[in-house]
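Got your viewer open and your selection tool ready? Let's take a walk through this model, one stop at a time.

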Amino acid sequence: MSVILLAEKVFLGVISAAVNVLRRRSGRPYKCDPIVQDDETGSAAFPMVLVQIPMYNEKEVYHLSIGAACRLTWPADRLTVQILDDSTDDEIKELVRSECDRWAKDGVNIRYETRKDRAGYKAGNLKEGMRHGYVQGCEFVAMFDADFQPAPDFLLRTVPLLVRNPRIALVQARWEFVNANDCLLTRMQEMSMDYHFKVEQEAGSSLYSFFGYNGTAGVWRKRAIVEPGGWEDRTTAEDMDLALRAGLRGWEFLYTGGIKVKSELPSSLRAYRSQQHRWSCGPALLLKKMFWEVLAAKKVSVWKKLYMIYNFFVARRIVWAFYTFFFFSILVPISVLFSEVQIPVWELIYIPVAINVLTSVGTPRSIHLIIPWFLFENVMALHRSKALMIGFFEARRANEWIVTQKLGNAQKMKSVGRTKENRRFKDRFHCLELWIGLLILMSTCYDYLYRADYFYIFLLPQSIMYFAVGFDFMGASVSS
């Protein structure tokens, strides 16, 4: 597994680096001529664009995304902003409705839509939004979660790529985080997400014109949504589901790292855990449901199928989670307790160091945090491994959808502490992390007292990180 991961990191890193060098030399690989309005055609030269913003009880951030969408530079008669509100709190519903009315009075074509229930969660909400009559005339669909704030020129920079290149189904922008500096938890998340965008998405887009849609900050060709069957709610990875089905029909995807959209990282461990459960469980269930469909696809090459299954699912998600957890949290501590277990130096030091250095290159400013990030990723690998198993076996929480809590801005970070205090006593502890932390601590003490193999130099901080997560000490209260 470690060799698989190292090979994948080197492969993606080389592709990403080569693409950046070649792009600087030769310019854009795709046509991107701006849309020009003249006296004869007027605003009709611009295609009809629908902007969808699904939300659920987003009291702290609803005004940010709505305001940003309504400020997008695009002819007013060629733009429709659709607010898909699944909120169950009547007070929040009224706030969102009032915000929509305020922008409507300013001349923005904004529609406020609700449903009778939350069937299908986000996928069901988006699917319902596509059924309205006024959507039929729209050619492109931009999507933003409630905490995303696109710049005014977002459509001017993305839509021409779709207009000039008819085989492109999706243009995905990069996420930029407004709260990355708020705490140690957000700094470490930024490291993981920067690698995902700068290396994984860049390499997939450049090599195979395929990558997983991130669910927001992207613009779709509406035909590419409808053609594969629209939104499906069979997993919690509805964005990846749609991307996979569209990719199997021969559509191409384009990642544009130069276009950034402001968003928010989870500032509490509870919110981050629920997000990671959804992001790990959904792909596992999706692989189970679509494995044979990928193999049977006629419109994609064998190499693209191999990339979808091996690199996109197996190496990047399954192998990464299981290797990180079982090697560092199970095998290494057991090797201390049982002298019969011997781990080669190349396996224990060289490969892990290479993997983590390659993964941290996306955020050079946080290179000094590589050790706590490495320890934290080992702990979260336990949570992701458990979510993968739940997805594979379609257990009770396989389709659990918990909306990630957003705070809106740094001044509201204090609410995290109040939220934690209001939680039930038993919800503040994560027993599995505490048990693994205890196992590692026992191995640390045994190595220090009886073997003196210096394993305790790694095991002690790893056990501390397990206890920090187990006792829910990670989050906004831990300053970076």
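**Stop 1: charged partners**

Start by selecting E8, E200 and R316: these residues are linked in a network of salt bridges. Keep in mind as you click around that this is a predicted model. Side chains of opposite charge can pair when their charged atoms come close. How many salt bridges does the structure hold? The count is 16, and we'll visit a few of them.

Select D145 and K122 next. Their side chains meet in a salt bridge, with 2.9 Å from N to O. This pair links distant parts of the chain: K122 is in helix 4 (residues 121–129), while D145 is in the loop between strand 4 (140–143) and helix 5 (154–164), and the two are 23 residues apart. Are these two buried or exposed? D145 has a relative accessible area of 18%, so it counts as buried, because the cut-off for buried is under 20%. K122 is buried too, at 14% relative accessibility.

Now jump to helix 8 (residues 238–248) and pick out R245 and D241, which both lie in this helix, four residues apart, or about one turn. The side chains of R245 and D241 meet in a salt bridge at 2.7 Å, N to O. R245 is buried, with a relative accessible area of 6%, and D241 is buried as well, at 0%.

One more pair: select K288 and E394. The closest N and O atoms of their salt bridge are 3.2 Å apart. K288 sits in helix 9 (residues 269–296) and E394 in the loop between helix 12 and helix 13 (414–422), so this bridge ties together parts that are 106 residues apart in sequence. K288 is partly exposed, with 41% relative accessibility, and E394 is partly exposed at 39%.

**Stop 2**

Switch to a cartoon view and highlight strand 4, then show its side chains. In a regular strand the side chains alternate between the two faces of the sheet. Here, F140 and A142 point one way from strand 4, V141 and M143 point the other way, and all are buried.

Which way does strand 1 (residues 49–55) pair with strand 4, parallel or antiparallel? They pair in the parallel sense, over four bridges. Next, colour strand 6 (residues 218–221): strand 4 and strand 6 run antiparallel and are joined by four bridges. Click on A142 and then on V219, its bridge partner in strand 6.

**Stop 3: the nonpolar cores**

Time to look inside. The largest nonpolar core has 93 residues, and V51, I66, I83, W220 and F253 touch the most other members. Helix 10 (residues 302–337) gives the most to this core, with eight residues. Zoom in on V51 and see what surrounds it: leaving aside neighbours within four places in sequence, V51 is in contact with A69, L72, L79, T80, V81, Q82, A142 and F144. Apart from this core lies another one, of 36 residues, with V319, F325, F327 and I351 among them.

**Stop 4**

Find N378 in helix 12 (residues 370–392). N378 is buried, with a relative accessible area of 1%. Not counting residues up to four places away in sequence, N378 touches T324, F325, F328, S329, F458, Q462 and Y466.

Then move to P266, in the loop between strand 7 (252–263) and helix 9. P266 is also buried, at 2%. What does P266 touch, leaving aside neighbours within four places in sequence? Its contacts are L185, T186, Q189, A271, Y272, Q275 and T404.

**Stop 5: out to the surface**

Finish with a surface view. Select V3, V345, W346, I349, Y350, V353, V357 and V361, which form a nonpolar patch on the surface with about 760 Å² of accessible area together. Which helix gives the most to this patch? Helix 11 (residues 345–360) does, with six residues. Click on Y350, which lies in helix 11. Y350 is exposed, with a relative accessible area of 57%.

Notes: Residues numbered from 1 in each chain as written. Predicted model: local features only at pLDDT ≥ 70, side-chain atom pairs only at ≥ 80, totals over all residues. Heavy atoms only, no water. Buried < 20%, exposed > 50% of the residue type's maximum accessible area, 1.4 Å probe, protein only. Contact = heavy atoms within 4.5 Å. Core = buried A, V, L, I, M, F, W, Y, C linked by side-chain atoms within 4.5 Å. Patch = residues over 30% accessible without salt bridge, like charges linked within 9 Å, V, L, I, M, F, W, Y side chains within 5 Å. Areas by Shrake-Rupley, 256 points an atom, 1.4 Å probe, with all protein chains shown as cover. Salt bridge = Lys/Arg side-chain N within 4 Å of Asp/Glu carboxyl O. Pairing = 2+ DSSP bridges.
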